[in-house]
Structure formats: C-alpha cells, structure tokens
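Reader: I would like to go through the charged pairs and the strand arrangement of this model with you. Could we take it step by step?

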Amino acid sequence: MLAGARQSAGLSVPQVSAATRVRETIIHRMEQDDYGQCGGLFYARGHVRAVAKTVGLDPEAMVHLFDQQHGGAPVPVRAAAVFQADRTINLPQRRGTNWTMALGVALAIVVVFGMMRVLGDAGDQARTGDGRVASARPVVPPNTPITEAPRPAVTADKGMVTLRIRAKRTSYVNVRDAEGRKLFAGTLKAGKTSTWQAAEQVHVLLADASAVSVQVNGKGVKSLGGRGEMVQRSFGPPKPKSR
C-alpha cells in the first residue's frame, strides 16, 4: 500500500526520504514488507506513520494495520512494575512529629478538593424545561458509528452518499468523507451493521474485503476483493434518473 500510494502520488523514493528524513534503503525495505532495518517495532511504527502521511494515506490507519500484521500494539507497562522496590526499607521513626494529625489534614484537603470537583461538574449541567437534567458534555464517543437500522422509506438527499457496511467477520474498517475527515476508524465486530452519510463522496479502507458486505445508496457493491485482501474504494451520490 505504501508503494502504491507513493507511485499514485507521483513521488520517488528520494523525495519521500527527503520529506520524512527516513533513509532510502529503509523505505525500499518497508515497501517490500521488511522492517528489519528500522531498529525495532517502535521506530518502525514511526517510519510507517511518517511515510503514510507523505504519500497521502491515513497515518493512524496504517499504523493500526501494521500492528495487526506484526503482533499487535505494544502492551503498556505500569510504572509501579518498573520502579517496584526489591525489598522494604524500614526507616527509623523520628519523635516529635504528629503523623496522625498530618494525615488527618491531608485527608481533609483531599475531601475538600473532591467536593469542589463534584460541584464544578454539576455546574456543567443545564436543566431543561421538563425538569430533566441535560449534560453539556457529549455522552456518545465521537468515533461511534451509527448502528440503528435505516428506515426503508428514507431516501438519500441530493448530493449525499449513504454507506452501509455489515461485518460478516470481525475486520478493520476506515471511513472518511470527501474532505478527508474521519467518520469511523476501528474494528467492526462480526454481525454488526453500521451506516454513515456524507456529502459528495465517501472513501473506504477495508483490511479484509471479503469480511464485509457493502451497500451504497441502497444498492449492494459486488466484487470488492478476496479473503484477506486490503482494498480502498470511493463512492459518490446516486446518479439522477433520466426522464
């Protein structure tokens, strides 16, 4: 995908190297799915992100696919596990300091701070006319797709594209609008159906073309690709019917 996107953008390997400061030999190896000269997975992810951005691909989507193909994302390490002491150090107690009183003062400060936070959060809410409380903060993550079943009687607006994807197997999906804004990027679980709508055009990246079924403007899309094949497709609004 990196090689194909680079060629489609009309860029040479030296031009990509100059833009990303990644050596040409490493870029050649990356385009052959060889990351042995990157210096480890951490640096390989950085190179993938930089090259993908330069050749016009979604950097986060490419890093996600890289992680899927090379053992998954790194597992975070707890700081407590890194800095855990090998043995307990007993320090001699000094007399003259009332630790019980100091602990009580610290606990009181924590309680007061917690009450201030609770009161501050309450101020972010607005009471509606029927007496219900409506939070000013969003309650739905911005990356959550629309999963409700579309109404059969609703027709697409002029110039709008309606995309509906049903996952036959769990697979990665990336959906963007005509301006490149992300509508969804993540794993669509098996059996789940999601619908998106955008103006003018919708760009789709599928990690496994045979794992999903796609409908555009109410019509099924055939021959997306084979099992395990990664594809990119773009769809536009329905054509007006000729009179």
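Reader: Which residue forms a salt bridge with Glu-60, and how far apart are the closest N and O atoms?
Author: In this predicted model, the partner of Glu-60 is Arg-49, and the closest N and O atoms of the pair are 3.4 Å apart. The two residues are 11 apart in the chain: Glu-60 belongs to helix α5 (residues 59-69), and Arg-49 belongs to helix α4 (residues 41-55).

Reader: How many salt bridges does a search of the whole structure find?
Author: The search gives 7 salt bridges. One of them joins Arg-6 to Glu-31, with 2.6 Å between the closest N and O atoms. Arg-6 is in helix α1 (residues 2-8) and Glu-31 is in helix α3 (residues 24-31), so this pair ties together parts that lie 25 residues apart in sequence.

Reader: And the accessibility of Arg-6, what is it?
Author: Arg-6 has 11% relative accessibility; the cut-off for buried is under 20%, so Arg-6 counts as buried. Glu-31, with a relative accessible area of 23%, is partly exposed.

Reader: What does Arg-169 pair with?
Author: Arg-169 forms a salt bridge with Asp-208, and their closest N and O atoms are 2.9 Å apart. Both residues sit in loops: Arg-169 between β3 (160-167) and β4 (171-177), Asp-208 between β7 (202-206) and β8 (212-216). The pair therefore ties together parts that are 39 residues apart in sequence. Arg-169 counts as partly exposed at 25% relative accessibility, whereas Asp-208 counts as buried at 14%.

Reader: Let us change topic to the strands. How many residues of β4 are buried?
Author: In β4, 6 of its 7 residues are buried, which leaves the strand mostly covered.

Reader: Which strands does β4 pair with?
Author: β4 is joined to strand β5 (residues 182-188) by 6 bridges, and these two run antiparallel. A further 5 bridges join β4 to β7, again in antiparallel fashion.

Reader: Where does Asn-174 find its partners?
Author: Asn-174 stands opposite Leu-205 in β7, and its bridge partner in β5 is Ala-185. As for Val-173, its bridge partner in β5 is Gly-186.

Reader: What about the turn between β4 and β5?
Author: The two strands form a hairpin with 4 residues between them. Gly-180, in that turn, has a positive phi of about 85°.

Reader: In what order do the strands of the sheet run?
Author: The order is β5-β4-β7-β10, in an open sheet of 4 strands with antiparallel pairing. β5 and β10 (231-235) stand at the edges with a single partner strand each, so one side of each has no neighbour in the sheet. On average, neighbouring strands here are turned by 15° against each other, direction ignored.

Reader: Back to α5 for a moment. Which strands does it lie across?
Author: Helix α5 lies across β4, β5 and β7, and runs at about 175° to β4.

Methods
Residues are numbered from 1 along each chain as its sequence is written. This is a predicted model: local features need pLDDT of at least 70, side-chain atom pairs count only at pLDDT 80 or more; totals for chains, interfaces and linings use all residues. Side-chain values use heavy atoms; hydrogens and water are left out. A salt bridge is a side-chain nitrogen of Lys or Arg within 4 Å of a carboxyl oxygen of Asp or Glu. Buried means under 20% relative accessible area, exposed over 50%, partly exposed in between (1.4 Å probe, protein chains only). Two strands pair if DSSP finds at least two bridges between them. Axes are lines fitted to C-alpha atoms, for helices over the stretch in contact, and angles run from 0 to 180 degrees between N-to-C directions. Contact means heavy atoms within 4.5 Å.
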